[in-house]
Amino acid sequence: MIFGRSERGKPPVEPVTLKILVAGGFGVGKTTLVGAVSEIRPLRTEELLTEAGRPVDDTSGVEGKRTTTVAMDFGRITLREDLVLYLFGTPGQQRFWFMWDELSEGALGAVVLADTRRLEDCFAAIDYFERRSIPFLVGVNCFDGGARYPEDEVRRALDLDGDVPVLLCDARDRASVKEILIGVVQHAMAYAERRHSPVTT
């Protein structure tokens with residue numbers, strides 16, 4: 001194979017399919033990220049926000065948000081001829097967290113989206129993946145008008161281990177999202193190698 005393409009005369013390669021989760025707080029851009037990069041029409045399970053949900057859905061900082069994911073977002077992207085990612089966006093509100101265990105089954109890794117205006121909203125996702133030893137990276141979604149902080153400041157604020165990547169991104173931009181997805185695949189592969197390497201004394 002040369003640069004992800006089958007050599008002339010050889011049968012096409014059966015692609016490896018990998019499952020990636022996209023998690024984070026309410027209104028951080030998970031649905032937008034999946035939609036920006038998916039090569040198929042994304043499956044969305046969005047419902048309108050209602051008055052009944054106001055006491056439990058904190059919309060400060062995202063006052064313009066009118067819908068919310070109640071089950072999952074699903075998309076697909078082919079990174080190379082032999083590598084396809086299936087993206088599963090998780091619901092952000094606490095009352096839907098029971099679905100995370102089902103969605104995380106068989107996942108290679110995860111992207112935790114963060115909004116510097118509401119950084120505390122991604123603590124639950126970070127804690128979830130750390131406790132289950134699912135490799136993840138933090139993608140700081142750079143909202144218009146939001147403050148920009150260096151990677152090391154974000155890392156300290158989130159109390160991340162040194163090997164967890166922190167990348168800036170724009171969840172609306174396909175190229176930016178692809179970089180994030182490539183980053184999480186590389187991180188997950190390195191994480192797996194470290195876990196399976198023999199310990200030397």
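The legends below accompany close-up views of a predicted model.

Residues are numbered from 1 along each chain as its sequence is written, and side-chain values use heavy atoms, with hydrogens and water left out. Because the model is predicted, local features need pLDDT of at least 70 and side-chain atom pairs count only at pLDDT 80 or more, while totals for chains, interfaces and linings use all residues.

**View 1. Overall arrangement of the protein chain, with five helices and seven strands.** Helices (H or I, at least four residues) and strands (E, at least two) are DSSP runs, numbered from the N terminus. Read along the sequence, these elements follow the pattern β-α-β-β-β-α-β-α-β-α-β-α. Of the 201 residues of the chain, 45% count as buried, where buried means under 20% relative accessible area, exposed over 50% and partly exposed in between (1.4 Å probe, protein chains only). Among contacts (heavy atoms within 4.5 Å) between residues at least 6 apart in sequence, 71% join residues at least 24 apart.

**View 2. The largest nonpolar core, a set of 25 residues.** A nonpolar core is a set of buried Ala, Val, Leu, Ile, Met, Phe, Trp, Tyr and Cys residues joined through side-chain atoms within 4.5 Å. Val 112, Ile 126, Phe 129, Phe 136, Val 138, Leu 158 and Leu 160 touch the most other members of this core. Strand S1 (16-24), helix H2 (100-104), strand S5 (109-114), H3, S6 and H4 each supply at least two of its residues, and H3 gives the most, with four. Val 138, leaving aside its neighbours within four places in sequence, is in contact with Val 112, Ala 114, Ile 126, Leu 158, Leu 160, Val 164, Pro 165, Val 166 and Leu 167. A second, separate core of 23 residues includes Ile 20, Val 22, Ile 77 and Leu 87. In soluble globular proteins, nonpolar side chains tend to be buried together.

**View 3. Asn 141, a buried residue of strand S6.** The relative accessible area of Asn 141 is 6%, and its side chain reaches the backbone nitrogen of Ala 171 at 3.1 Å. Not counting residues up to four places away in sequence, Asn 141 touches Val 28, Gly 29, Leu 113, Ala 114, Cys 169, Asp 170 and Ala 171.

**View 4. The largest cavity, with a volume of about 70 Å³.** Of the 13 residues that line this cavity, the closest to its centre are Thr 116, Val 140, Asn 141, Ala 147 and Arg 148. On a 1 Å grid over the protein atoms alone, a cavity is a set of points where a 1.4 Å probe fits but cannot get out, and lining residues have an atom within 4 Å of a point. Grid points are joined across faces, edges and corners, and a volume is the space filled by probe spheres set on the points. The lining divides into seven nonpolar, three polar and three charged residues, with Ala, Val, Leu, Ile, Met, Phe, Trp, Tyr, Cys and Pro counted as nonpolar, Asp, Glu, Lys and Arg as charged, and the others, Gly among them, as polar.

**View 5. The second largest cavity, holding about 60 Å³ of space.** Of the 11 residues that line the second largest cavity, the closest to its centre are Gly 25, Val 28, Asp 115, Arg 118 and Asp 121. Its lining divides into six nonpolar, two polar and three charged residues. The count of cavities of 30 Å³ or more comes to two.

View 6. Ser 133 is partly exposed, with a relative accessible area of 33%. At 63% relative accessibility, Asp 159 counts as exposed.

**View 7. Thr 31 in helix H1 (residues 30-37).** Thr 31 is buried, with a relative accessible area of 15%. The side chain of Thr 31 makes a polar contact with the side chain of Asp 73 at 2.6 Å; such a contact is a pair of N or O atoms within 3.5 Å, of which, within protein, one must be able to donate a hydrogen and the other to accept it, and residues adjacent in sequence count only if both atoms are side-chain atoms.

How values were computed. On a 1 Å grid over the protein atoms alone, a cavity is a set of points where a 1.4 Å probe fits but cannot get out, and a pocket is an open set with protein on both sides within 12 Å along at least five of seven lines; lining residues have an atom within 4 Å of a point.
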